[in-house]
Amino acid sequence: MPVAEESTWKWPSRLAELHERFSAAAPFPHIVLDNVLKPEIVSAIYAEIPDPDNPAWIRWGGGRPEECDPIFAKRGISDVRQLPASSRFVLDELTCDRFIDDLCVLTGKSELSVDWTFSGGGLHCSGQGAALRIHADPIRHPHPDQFDQAINLILYVNPAWEEDFGGDLELWSRDCSRCEVSIAPMFNRLVIFQADRSSFHGHPSPNRCPPGQYRASLALYYYTRREQDVLLESNRPIWR
């Protein structure tokens, strides 16, 4: 991908207004924005998704989705050296100083840090039958004693995803008793939400897309540094 001469993203309204929407959202602060990035750039990400048998993928289990827990049908590439050029380009855009400055205003954070290993993030992909149980994230930073995971960002890159395909991202109540928001993974849709140990989310309904079509996204996690290093008693996902 060529280096952009101008910003590749455009917010739909003033950042102060987006901050108000983000802060007021339930069940925890979040916002859903469409067409923030240039569509041709997002289309290139999907077009360059490696074949399922590419060794660059990190896999969570194996076998056909109906033969194992559906969570294991998901795969990802976090190593930027193994990502296609279009994915690397957008990750660069979403971690540049200007974007992080915007994200701080939008979310109300005074400062956000990036994990340059992209642990657990990068390119995510899942096919027919895949699902992800409702959970709250662990701290994915390589130094979880020094950083808190503060903001999750998901950019959906599926060019022809239909509502009948399912795979909606669900945001659940703080006590994890009910789904309060359902978000379809539509093309060029940006989801930004506060991440903590009671931000329960996932897509528990299996994908119903045709064989060979994928629910694909770029995922990024932004962090805040703790004033004191604290080793957590547990840094595992909290599964519903």
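A charge is taken to sit over a ring if NZ of Lys or CZ of Arg is within 6 Å of the ring centre and within 35 degrees of the ring normal. The model is predicted: local features need pLDDT of at least 70, side-chain atom pairs count only at pLDDT 80 or more, and totals for chains, interfaces and linings use all residues. Residues are numbered from 1 along each chain as its sequence is written, and side-chain values use heavy atoms, with hydrogens and water left out.

**View A. Arginine side chains over the rings of Tyr221 and Trp57**. The charged end of Arg140 is placed over the ring of Tyr221, at 4.2 Å from the ring centre. Arg75 lies over the face of Trp57, and here the distance to the ring centre is 4.7 Å.

**View B. The aromatic pair of Trp9 and Phe99**. Rings of Phe, Tyr and Trp (its six-membered ring) pair if their centres lie within 6.5 Å; planes under 30 degrees apart count as stacked, over 60 as edge-to-face and the rest as tilted. Five aromatic pairs are counted by this rule. Helices (H or I, at least four residues) and strands (E, at least two) are DSSP runs, numbered from the N terminus. Both Trp9 and Phe99 are buried, a term for under 20% relative accessible area, with exposed meaning over 50% and partly exposed in between (1.4 Å probe, protein chains only). Ring pairs join Trp9, Trp11 and Phe99 in a cluster.

**View C. Helix H4 and the residue that follows**. Among the buried residues of H4 are Phe99, Ile100, Leu103 and Leu106. Gly108 follows H4 and has a positive phi, near 80 degrees.

**View D. The aromatic pair of Trp116 and Phe118**. The ring planes of Trp116 and Phe118 stand at 90 degrees, with centres 6.3 Å apart, so this pair is edge-to-face. Trp116 is exposed, at a relative accessible area of 55%, whereas Phe118 is buried, at 8%.

**View E. An open sheet of five strands**. The strand order is E9-E8-E11-E6-E13, with antiparallel pairing; two strands pair if DSSP finds at least two bridges between them. Strand E9 (179-183) and strand E13 (238-239) are the edge strands, each pairing on one side only. Two bridges connect strand E8 (residues 169-172) with strand E11 (residues 201-203) in the antiparallel sense. Glu170 has Gly202 in E11 as its bridge partner.
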